[in-house]
Amino acid sequence: MWHPAGKSSDVPKESAKSIEVAGKKLALFHVGGKFYALADHCLHRGGQLGLGHVEGGRVTCPWHGWVFEVKTGKCLTMEGAKQASFPVKVEKGELYVDL
């Protein structure tokens, strides 16, 4: 089910933003002209990924440096680990996340 997640202009290019949608804490990413959403807690110790450093399609957790691909949620620090990811669409400048 698609839920409103704010304006696309609220997430600058190559950055992240923490939001809450339908009771779920998410990290929104604007990378390469597209938007992505991951669960906003690092699998390691729960660091807020929406506050992480975004570069090259990856986000680095601000707490302990675990790295995740924003497109897939794949963890590049711990083999086999994967962050929950959610589809995002843009309609007339508004973001929607499928939960």
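These legends accompany several close-up views of a predicted model.

Residues are numbered from 1 along each chain as its sequence is written. Because the model is predicted, local features need pLDDT of at least 70 and side-chain atom pairs count only at pLDDT 80 or more, while totals for chains, interfaces and linings use all residues, and side-chain values use heavy atoms, with hydrogens and water left out.

**View 1. Four strands make an open sheet in the order β2-β3-β4-β8.** Strands here are DSSP runs of E with at least two residues, numbered from the N terminus. The pairing in this sheet is antiparallel, and two strands pair if DSSP finds at least two bridges between them. Look for the edge strands, β2 and β8 (85-86), each of which pairs on one side only. Strand β4 (residues 34-39) is joined to β8 by two bridges in the antiparallel sense. Here, alanine 37 has phenylalanine 86 of β8 as its bridge partner.

**View 2. Strands β2 and β3 form a hairpin.** Seven bridges pair β2 with β3 in the antiparallel sense. One place to look is lysine 17, which stands opposite leucine 28 in β3. Two residues lie between the strands of this hairpin. Alanine 22 sits in the loop between β2 and β3 (24-31), and its phi is near 50°, a positive value in a residue other than glycine. Why is that worth a second look? Most residues other than glycine have a negative phi. Alanine 22 is also exposed, with a relative accessible area of 55%; exposed means over 50%, buried means under 20%, and partly exposed lies in between (1.4 Å probe, protein chains only).

**View 3. Serine 15 is a buried residue of strand β2.** Strand β2 covers residues 15-21, and serine 15 has a relative accessible area of 16%, so it counts as buried. Which backbone atom does the side chain of serine 15 reach? That side chain reaches the backbone oxygen of proline 12 at 2.5 Å. Leaving aside its neighbours within four places in sequence, serine 15 is in contact (heavy atoms within 4.5 Å) with Leu28, Phe29, His30 and Val54.

**View 4. Alanine 39 is buried in strand β4.** The relative accessible area of alanine 39 is 7%. Not counting residues up to four places away in sequence, alanine 39 touches Lys25, Leu26, Ala27, Leu49, Gln83, Ala84 and Phe86. How far apart are alanine 39 and lysine 25, C-alpha to C-alpha? They are 6.3 Å apart in space and 14 residues apart in sequence.

**View 5. Three strands make another open sheet, in the order β5-β6-β7.** The pairing is antiparallel here too. The edge strands are β5 (53-55) and β7 (67-69), and each pairs on one side only. From one strand to the next, the twist averages 25°; the axes behind such angles are lines fitted to C-alpha atoms, and angles run from 0 to 180 degrees between N-to-C directions. Strand β6 (residues 58-60) is joined to β7 by three bridges, and valine 59 stands opposite phenylalanine 68 in β7.

**View 6. Lysine 92 is an exposed loop residue.** Find lysine 92 in the loop between β9 (88-91) and β10 (94-98). Is lysine 92 buried or exposed? Lysine 92 is exposed, with a relative accessible area of 87%. Its phi is near 50°, a positive value in a residue other than glycine.

Methods
Polar contact = N/O pair within 3.5 Å; in protein donor to acceptor, adjacent residues only side chain to side chain.
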